[in-house]
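The following report describes selected local features of one protein model. The sequence and the structure are shown first.

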Amino acid sequence: MKKKNYNLIFGIGIVSILFLLFLIGIFYTPYDPDAMSGSEKLLAPSIKHFFGTDQFGRDVFSRVMKGIGTTFFIAISTVLLGSMIGIFLGALTGYFGGWLDEILMRVNDAIVAFPSVLLALIFISILGPGQNNIIFALAVAFIPSFSRMTRSEFLANRDMDYVKSARLMGVSHLRIILVHILPNAVPTLFSMMAIGFNNAILAEAGMSYLGIGVQPPQASLGRMLSESQIYLVRAPWVAIFPGLAIVLLALSFSLISEGINEQREA
């Protein structure tokens with residue numbers, strides 16, 4: 001009897017709840033996330049305002065819902081863009097090798113020399129703050145890790161008997177890459193994507209916290225934390241709930257990554 005993979009179960013469970021909040025937030029929030037009220041500043045959590053209100057009288061629960069949506073959108077866009085380019089480059093270099101591998105891997109090594117977040121900050125400083133620029137900057141920073149991981153998987157599989165048999169049968173290179181080798185790399189790439197989601201969430205929150213990420217009035221969990229610093233004693237709920245959302249998002253994808261690795265080893 002197989003042992004239950006609790007990391008995967010808990011990780012997917014937390015993500016599902018938060019993703020549900022995101023989906024609901026697209027169509028409905030209890031209040032307008034950007035609506036200010038001078039008479040309702042820094043109200044404590046209550047039935048009327050589940051998470052209280054912030055220094056501008058905005059409903060914190062509604063802003064957390066929108067902030068989760070912003071984080072999900074950036075993380076999903078970043079990982080999809082970075083992984084698609086990285087997997088494409090890794091598959092080419094790992095399967096064909098030769099001069100193509102040498103050139104692309106040297107470029108890849110040059111990019112890897114910079115920490116991914118630092119590289120993203122360099123792009124943001126050039127392009128300027130904003131949601132689309134964050135997505136582009138983080139995607140470029142994540143390409144090398146996906147590329148190297150995919151390359152290692154293809155190097156390990158390209159000389160296997162089933163690949164050699166496919167070549168002898170006249171199967172095209174494209175079909176061998178997409179149908180024969182890539183499916184064997186999927187579990188590893190899924191684990192890498194979960195790590196990518198985790199890193200994208202923390203990077204976006206960090207940049208928004210510093211004021212170089214998502215710009216107001218758009219709701220962002222990192223921006224909410226930054227704006228709530230001076231109210232930690234007077235109104236701690238303004239920081240607690242967006243901070244908790246960031247922790248749960250990062251934790252859930254870490255659990256999913258660990259769960260996938262456990263599933264592969266089982």
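## Basis of the description

Helices are DSSP runs of H or I with at least four residues, and strands are runs of E with at least two, numbered from the N terminus. The model is predicted: local features need pLDDT of at least 70 and side-chain atom pairs pLDDT 80 or more, whereas totals for chains, interfaces and linings use all residues. Residues are numbered from 1 along each chain as its sequence is written, and side-chain values use heavy atoms, without hydrogens or water.

## Asn157 in helix H5

Asn157 belongs to helix H5. With a relative accessibility of 12%, Asn157 is buried (buried is under 20% relative accessible area, exposed over 50%, partly exposed in between; 1.4 Å probe, protein chains only). Apart from neighbours within four places in sequence, Asn157 contacts Tyr162, Val163, Ile181 and Asn184, contact being heavy atoms within 4.5 Å.

## Packing of H4 and H5

Helix H4 (residues 116–127) packs against helix H5 (residues 131–157) at about 145°, the axes being 8 Å apart. Axes are lines fitted to C-alpha atoms, for helices over the stretch in contact, and angles run from 0 to 180 degrees between N-to-C directions. Residues of H4 that meet H5 include Leu119, Phe123 and Leu127; among their H5 counterparts are Ile134, Leu138 and Phe142.

Ile26 lies in helix H1 (residues 6–27) and is partly exposed, at 45% relative accessibility.

Leu42 occupies the loop between H1 and helix H2 (60–96). Its phi is near 55°, a positive value in a non-glycine residue, and Leu42 is buried at 13% relative accessible area.
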